[in-house]
Amino acid sequence: MRNSVIRLIYAAVLFAATVFLLELLMHQGSAAITAEMDAASLPLIRMETVGRTVNELHGFTAERDISHYRTVLTPMGEDRAITFTVELYGEEVTGLSFELRSVDGGRLIEDGAVMREERLADGRIEAGFTVKDLIAADTEYMLVILLDRADGSAVRYYTRVMECDETAISAELAFAQQFHDGALSGQEGGTVSQVIETSTEGDNSSFADVTIHSNFYQVTYGDLQPVELMRPVVAIQDLHEESCVLRMDYILSIDMDGNNAKFDCTEYYRLKRGTDRVYLMDYRRTMEEVFDPSLEENYVSDMISLGITEKEMQFVESDGGSALAFVNAGRLYGVTPSSAEVAQVFAFGAADSLDERDNYRSFGIRILDVDETGSIDFLVYGYMNRGEHEGELGTTFYTYNGEYHTVEELAFLPYSGSYDLLRLQVEKLSYYNNKKSTLFLLIDETIYEVNVAEHTVKTAADSLSGGGLQASASGQIVAWKSQDRGRGDSEDIISVMDFSTSGQQVIRAPAGERVVPLGFIHEDLIYGVAREADITTNAAGDEVLSMYAVYIVDSGMEELEHYEAGEYYVSSCEVNGDRITLHRVRRSDEDGQLVTAEDDQILTSDSRRQGANHLSEIVVERYETMQKISMRGFRASSVKFLEPKFVIHEGSRALALPELSGTRPERCFVYDMYGLAGFYLTPSEAVQKAEELSGCVLDDTGRYIWVSGNRRASNQIMAITEEAPEGGAEDSLAACLDMIFRYENTAVSAEQELAGSNNLLRILEEAIPGTDSYNLAGCSLDSVLYYVSEEKPVLALSDGGNRAALIAGYNSSIVVVVDPAAGSVERMPREAAEEKFTKGGGYVCYRMRAE
């Protein structure tokens, strides 16, 4: 008996010792294969214009798709001189050269070595060269500066350039700097108080987001008394004859109860050039306090204080609430409340870093999953400031091990376009199925399936451009409009894919009807049904579906809600929280045409579990609204700050996306003063959105279609209005086209062209070489006057498209209309013209294609 007891004790001790040694070896093994992220090594380039430093350029180790990489713009004077400074940071550079290309990148205009180069005592290089007389004035080109490194590799820096009158941008740069300095000083009676437009539109409750409509106290930082740690370098986002868009990024320090807090700040300016001054058309400043996890004062009782920061920050917790993650100022943090462990999971630089490369925010972080152990799956997408992929742009999938506190890269997908374009798609759809180790991503209207365990990537669904892709709140379920080729192209269906099960279902339209995905309310799909008999065509030639019914279904396609309202049709819907707003139309009693009707709403209840941890606001008099995280079981007195290291892996984790067959529909890109706002399939949709945002529209080659605010106060195309129409023209459309052809010195007969085709866009583009034309039916009269300002008459249709006239002039109250059918040149009030043309037919516009 005694020997048996001894043997049992011996076995237990041996087992415990074995477990201890295994744990020790595992921890030692983990520590042996981890390291900190490599520091940034690439030099920076700063451009010079009108004696000012502008446009901080960050280098790329791979070529960009120039047509889809819209970067900053550097003006050149008539001498076409390019001057810039290279900040080396100790890096050895063996040579500088350049390429000047068309804005779509397709044509190389000039290349060569940088001829002027001076190495300064502080380690910088001042350099420059002169562009040859091979370019057109007021036309954008892409300049690529190539920097040769000692290891034989080349780093590429991109900026758009344009030869123009530099004096205009000089005044605008000076204005923005005066406003910036005036806001910091808080001096009354200066530029700030003279140009802000304080109104009820301004939210004066938080310093995190300030606009042109905020009050003077808010714009001038109240009682915060900020100090600049890093002066702004102005980025010229856009520049036109009448307007420009500027951006400033800088860092402030503010004394927060005895501790110096660091703030990342960005200012946006939309400016218009007057005859004797610069006008501030719009302004916004965002300010985000950089959370310092090592500072004890940031932990109070059961909460973490995040200070002055954005309200809509990323915050995700595990299903049981045992762990959470949040993103602050381009850094990802993980917290396990019960052990009071706070880990800075990912950052391109320390919270107190002032290195411009560490603080470059052309990337995003997306939290995909948090489990109960504190492990986090997440994406970092955009420009990689440092580390293994420094100088590349793409999407990296990481996993953080909450037990061993290590971060491992599992996949990297390079992207040749811009961060803005990548951001729109990743934020719309990215989902990780951790049970199957499968990541789903939307890139260039294609859903890719990445198996991170097998290190493979394949196409899950493509050709989604015209399908109205909709994604649920979590990204778990997507739906898009398609056709069932197996049962005939005439059958209209919605395809629904659930990434948690990899299952795909369809919703089939009843015979003689259409179905369309409208969106999601949480994880439940909203779709509409329209009768084919109720489908109409708008002035742009696009189908308009008036839906007599709206359904809400769960992931199993079980009906949860059904909406019908008799004589009313649903045209579209918006989802806000638990509320669905249905935009409706009905048939007019007078002519049976569809007219706008009052909205209706569907209220739903959210049965999802309420979290154990909460993001909320507190208000402190001096600092105004601040953000905090309250956590169950968290004790501020026991906080342990962790800085995980990165797992070193053998070989590359980069994956190339599969080549897609077929052609992608051309897209129109809408930019506002914050960057890319969206892309659309028709110029009409894009111009309407850009007008709403005071932005601009570019085509798929990077050329302008339309620009807001870049229009003269009045203009008249005398060569058109002085050509008196004879009157009584039987074919007003042919008469208008002939007037355009004569104006453009084109010997083409409109009658013959119309006999062969009724496609006005094709007729204009074939008759007038180098022309791009646009069907802008549905757009406002005000928006199409942009083309008249550009000395291009607008073809205006009325009577349902059966009658045509030319708009050839305008001022603040009238438009000049040349009407061949009536034989008149009429000064028509704008309201009358809007009624006649916008509602009665629409517009066809054209402009000469830039190089």
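# Reading strands, salt bridges and buried residues

Tutor: Let's start with Glu-624, which is buried at a relative accessible area of 11%. Keep in mind that this is a predicted model.

Student: Thanks! Where is Glu-624 found?

Tutor: Glu-624 belongs to strand β45, residues 624-630. Its phi is positive, about 60°, although the residue is not a glycine.

Student: What is the phi of Glu-445?

Tutor: Phi of Glu-445 is near 60°, again a positive value in a residue other than glycine. Glu-445 sits in the loop between β28 and β29, and with a relative accessible area of 8% this residue counts as buried, because the cut-off is under 20%.

Student: How do I read the strands on either side of that loop?

Tutor: Begin with a general idea: side chains in a regular strand alternate between the two faces of the sheet. Here, β28 (residues 438-443) and β29 run antiparallel and are joined by six bridges. Phe-440 stands opposite Glu-449 in β29. The hairpin of β28 and β29 has two residues between the strands, and Asp-444 there takes a positive phi near 50°.

Student: Which strand pairs with β29 over five bridges?

Tutor: That is β30 (residues 456-461), also in the antiparallel sense. In this pairing, Val-450 is opposite Val-457 in β30. β29 and β30 form a hairpin too, with four residues between them, and His-455 in the turn has a positive phi of about 60°.

Student: Why is β29 described as largely enclosed by the rest of the structure?

Tutor: Because five of the six residues of β29 (residues 446-451) are buried.

Student: What is the strand order in the open sheet of five strands?

Tutor: The order is β19-β20-β21-β22-β46, with mixed pairing. To find the edges, look for strands that pair on one side only: here they are β19 (315-317) and β46 (640-642). From one strand to the next, the twist averages 20°.

Student: Now the charged residues. How many salt bridges does the structure hold?

Tutor: The idea first: side chains of opposite charge can pair when their charged atoms come close. The structure holds 41 salt bridges. One of them joins Asp-209 and Arg-284, whose closest N and O atoms are 2.7 Å apart. That pair links distant parts of the chain, with Asp-209 in strand β12 (residues 209-211) and Arg-284 in strand β16 (residues 278-289), 75 residues apart. Asp-209 is partly exposed at 32% relative accessibility, and Arg-284 is partly exposed at 23%.

Student: Are Asp-358 and Arg-386 buried or exposed?

Tutor: Both are buried. They form a salt bridge with the closest N and O atoms 3.9 Å apart. Asp-358 lies in the loop between β22 (341-346) and β23 (363-370), and Arg-386 in the loop between β24 (376-383) and β25 (393-401), so the pair ties together parts 28 residues apart in sequence.

Student: Which residues are linked in a network of salt bridges?

Tutor: Arg-46, Glu-56, Glu-87 and Glu-356 are linked that way.

Student: And helices? Which residues of α12 are buried?

Tutor: In α12 (residues 830-838), the buried residues are Arg-830, Ala-833, Phe-837 and Thr-838. They cover an arc of only 90° around the axis, so they are on the same side of α12. Their packing partners include α11 (781-789) and β58 (842-848).

Student: Last one: how many disulfides are there?

Tutor: A disulfide is a covalent bond between the sulfur atoms of two cysteines. The count here comes to zero. Cys-244, for example, is in no disulfide, and the nearest cysteine sulfur, that of Cys-164, is 11 Å away. Cys-244 is buried, with a relative accessible area of 2%, and Cys-573 also counts as buried, at 14% relative accessibility.

Note on methods. Residues numbered from 1 in each chain as written. Predicted model: local features only at pLDDT ≥ 70, side-chain atom pairs only at ≥ 80, totals over all residues. Heavy atoms only, no water. Buried < 20%, exposed > 50% of the residue type's maximum accessible area, 1.4 Å probe, protein only. Pairing = 2+ DSSP bridges. Axes fitted to C-alpha atoms, helices over the stretch in contact; angles between N-to-C directions. Disulfide = S-S within 2.5 Å. Arc of directions from axis to C-beta. Contact = heavy atoms within 4.5 Å. Salt bridge = Lys/Arg side-chain N within 4 Å of Asp/Glu carboxyl O.
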